[in-house]
Amino acid sequence: MLHFRDSGDQIVAVLHDVVEDTDLEVDDLSAAGYPAEIVAAIDSITHRGGESYEDYIERVAENSMARRVNVIDLQLNLANNRLRPDAPGNAARIAKYERALARLGETA
């Protein structure tokens, strides 16, 4: 969240994890009065059960706010995985994050 200057980006960065990790749903954010632009970005960046990672990234790519937040999230995850590239599963995650960043118009 601290990577963003825009308060909307900060809200999306925090609340998308809340929606993914708690019983809170996107509709609850609308009911709480969050602006439609923020709710749409959170909906775009929230992983859905049964959804392929590629479909998820395609949805993120369609929303500029979700894309900005996801790019930072991916860059941080990539940096963490690159610290120990030989750890089990890290090579696959690194490749996945690099592909996602490329799809979102960023370089790894």
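Axes here are lines fitted to C-alpha atoms, for helices over the stretch in contact, and the angles between their N-to-C directions run from 0 to 180 degrees. Helices are DSSP runs of H or I with at least four residues, numbered from the N terminus. The model is predicted, with local features needing pLDDT of at least 70 and side-chain atom pairs counting only at pLDDT 80 or more, while totals for chains, interfaces and linings use all residues. Residues are numbered from 1 along each chain as its sequence is written, and side-chain values use heavy atoms, with hydrogens and water left out.

## Packing of the helices

Two packed helices are described by the angle between their axes and the distance between the axes.

| Helix pair | Angle | Distance between axes |
|---|---|---|
| α3 and α4 | about 160° | 8 Å |
| α5 and α6 | about 155° | 9 Å |
| α3 and α5 | about 50° | 8 Å |

Angles under 35 degrees count as roughly parallel, over 145 as roughly antiparallel, 65 to 115 as roughly perpendicular and the rest as oblique. A crossing is left-handed if the near helix is turned anticlockwise from the far one by less than a right angle, and right-handed if clockwise. Contact means heavy atoms within 4.5 Å. For the residue classes, Ala, Val, Leu, Ile, Met, Phe, Trp, Tyr, Cys and Pro count as nonpolar, Asp, Glu, Lys and Arg as charged, and the others, Gly among them, as polar.

Helix α3 covers residues 36-45 and helix α4 residues 53-61. At their angle, α3 and α4 are therefore roughly antiparallel to each other, and their crossing is left-handed. On the side of α3 the contact is made by D43, S44 and I45, and on the side of α4 by Y56, R59 and V60. These residues comprise 3 nonpolar, 1 polar and 2 charged.

Helix α5 (residues 64-82) packs with helix α6 (residues 90-103). This pair is likewise roughly antiparallel, with a left-handed crossing. Among the residues in the contact are V71, L74 and L78 of α5 and I94, Y97 and L101 of α6. The contact of α5 with α6 has 7 nonpolar, 4 polar and 3 charged residues.

The angle between α3 and α5 is about 50°, which makes α3 oblique to α5. Their crossing is right-handed. From α3, residues E37, I38, A41, S44 and I45 meet M65, A66, V69 and N70 in α5. By class, this contact contains 6 nonpolar, 2 polar and 1 charged residues.

## Individual residues

Buried means under 20% relative accessible area, exposed over 50%, and partly exposed in between (1.4 Å probe, protein chains only). D9, in helix α1 (residues 7-21), is buried with a relative accessible area of 5%. Not counting residues up to four places away in sequence, D9 touches F4, M65, R68 and V69.

V39 belongs to helix α3 and counts as buried at 8% relative accessibility. Leaving aside neighbours within four places in sequence, V39 is in contact with V26, L29, S30 and Y34. V39 and A61 are 22 residues apart in sequence and 16 Å apart in space, C-alpha to C-alpha.

## The aromatic pair

Rings of Phe, Tyr and Trp (its six-membered ring) pair if their centres lie within 6.5 Å; planes under 30 degrees apart count as stacked, over 60 as edge-to-face and the rest as tilted. A search of the whole structure finds 1 aromatic pair. Y53 and Y56 form this tilted pair, at 5.8 Å centre to centre with 45° between the planes. Both residues lie in helix α4, 3 residues apart, about one turn of the helix, and both Y53 and Y56 are buried.

Technical notes: Helix = DSSP H or I, 4+ residues; strand = E, 2+ residues; numbered from the N terminus.
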